[in-house]
Amino acid sequence: MCIISNKIFNGMFVRNPNANHDNDDNPNDPNRQKLMGPHLDDYINTKLETQKPFGALPFEIINIKSHDGINLVGRFYANPKKTNKTAILIHGYNSFGVREYCYTGFKYIDKGFNILIPDNRACGDSEGNICTFGQLESEDTKLWINKIVEKYPDGEIFLQGSSLGGATVLLLSNQELPKNVKAIVSDCAYSSITREFKYMAKNVVGIPWFPFLYTVQHVFKKKTGCDFIYKSPLKSVSEAKLPILFIHGESDRFIPKEQCQELYDVCTSDKDILYVPEAGHVGAYVQGKDTYFNKVYSFLDKYMK
């Protein structure tokens, strides 16, 4: 049991080489098709077409040190038109910042925002060997918020995350943050690691979730000091203080839309929701196009000057 639990932990939480480089050149991988949902080729092509021009934009490297001593790296893109409004964009599992937000980054620059795109711990250019599925990433995000507040003391900030990143920003929804943070956009977040573990065990891996959920949680707590059973996005949004826009693809096979509905239903703050037909995991902005971004813009306009 211990051997299997450690193997599951290593597969789920330990740094993956795919978190350091782009692996989007194989859209026909049947495992990816199974997990991501339909129109995977549209999602991949959109990113590949945008990465080179986005990579040509000027940016500033920002480094911070996490509370547990890990060096974290972010890329700050100042808008060509001077502004004090900033989007902080948190990427998902086995990814890195620019890989996930090149297309979206252009959209927010065009809308008049500065953007900060960090690499999460154990991903991209940031240090660390263990991904904590938002538990420590949310604490890291608070440090990124403080960096932007230093740059723009009277500025406005919104947080957006996708998948693991969505869960990360939702974990901050009930916390005392600087008044500069005005809203959250959560794209295809899971409601809890527990819920997602059970879903993946049954529908993807084909193993019983019991007793492995609890043995893996024991390993996770021992190695990270975090407890994913008692801390979850679902609990955080049930005490939310910030306005939240929930977005999910209706055909997401990795995190089913029912988890988004769970989050929306218990959320106690101002809220809105968008389901995008035919969109797979993290593909809502591709299939939704103008519908997606118009919804985001109109939501943010309510809370940002």
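Trainee: Which helix gives the most residues to the lining of the largest cavity?

Mentor: Rolling a probe the size of a water molecule over the atoms shows where empty space is left. A cavity is a set of points, on a 1 Å grid over the protein atoms alone, where a 1.4 Å probe fits but cannot get out, and its lining residues have an atom within 4 Å of a point. Here α4 gives the most to the lining of the largest cavity, with 3 residues. Helices are DSSP runs of H or I with at least four residues, strands are runs of E with at least two, and both are numbered from the N terminus. Both α4 (97-110) and β5 (156-162) supply at least two residues of this lining. This is a predicted model, in which local features need pLDDT of at least 70 and side-chain atom pairs count only at pLDDT 80 or more, while totals for chains, interfaces and linings use all residues. Residues are numbered from 1 along each chain as its sequence is written, and side-chain values use heavy atoms, with hydrogens and water left out.

Trainee: What volume does the largest cavity have, and which residues line it?

Mentor: A volume is the space filled by probe spheres set on the grid points, which are joined across faces, edges and corners. The largest cavity has a volume of about 70 Å³, and the count comes to 5 cavities of 30 Å³ or more. Among the residues lining the largest cavity are Y43, E100, Y101, T104, Q160, S162 and D187.

Trainee: Is I109 buried or exposed?

Mentor: Buried means under 20% relative accessible area, exposed over 50%, and partly exposed in between, with a 1.4 Å probe and protein chains only. I109, found in helix α4, is buried because its relative accessible area is 14%. Contact means heavy atoms within 4.5 Å. Leaving aside neighbours within four places in sequence, I109 is in contact with F54, L57, Y77, N79, P80 and I115.

Trainee: Which residues have the most contacts inside the largest nonpolar core?

Mentor: A nonpolar core is a set of buried Ala, Val, Leu, Ile, Met, Phe, Trp, Tyr and Cys residues joined through side-chain atoms within 4.5 Å. The largest has 51 residues, and I145 and L159 have the most contacts inside it. Its largest share, 5 residues, comes from α5. A second, separate core of 36 residues includes C102, L245, L274 and L300. Not counting residues up to four places away in sequence, L159 touches I88, I145, V169, L172, V181, A183, I184 and V185.

Trainee: How many disulfides does the structure hold?

Mentor: A disulfide is a covalent bond between the sulfur atoms of two cysteines. The criterion is a pair of cysteine sulfur atoms within 2.5 Å. The structure holds 0 disulfides. C123 is in no disulfide, as the nearest cysteine sulfur, that of C131, is 6.0 Å away. The sulfur of C260 is 9.0 Å from the closest cysteine sulfur, in C188, and is therefore too far for a bond. C260 is buried, with a relative accessible area of 2%.

Methods:
On a 1 Å grid over the protein atoms alone, a cavity is a set of points where a 1.4 Å probe fits but cannot get out, and a pocket is an open set with protein on both sides within 12 Å along at least five of seven lines; lining residues have an atom within 4 Å of a point.
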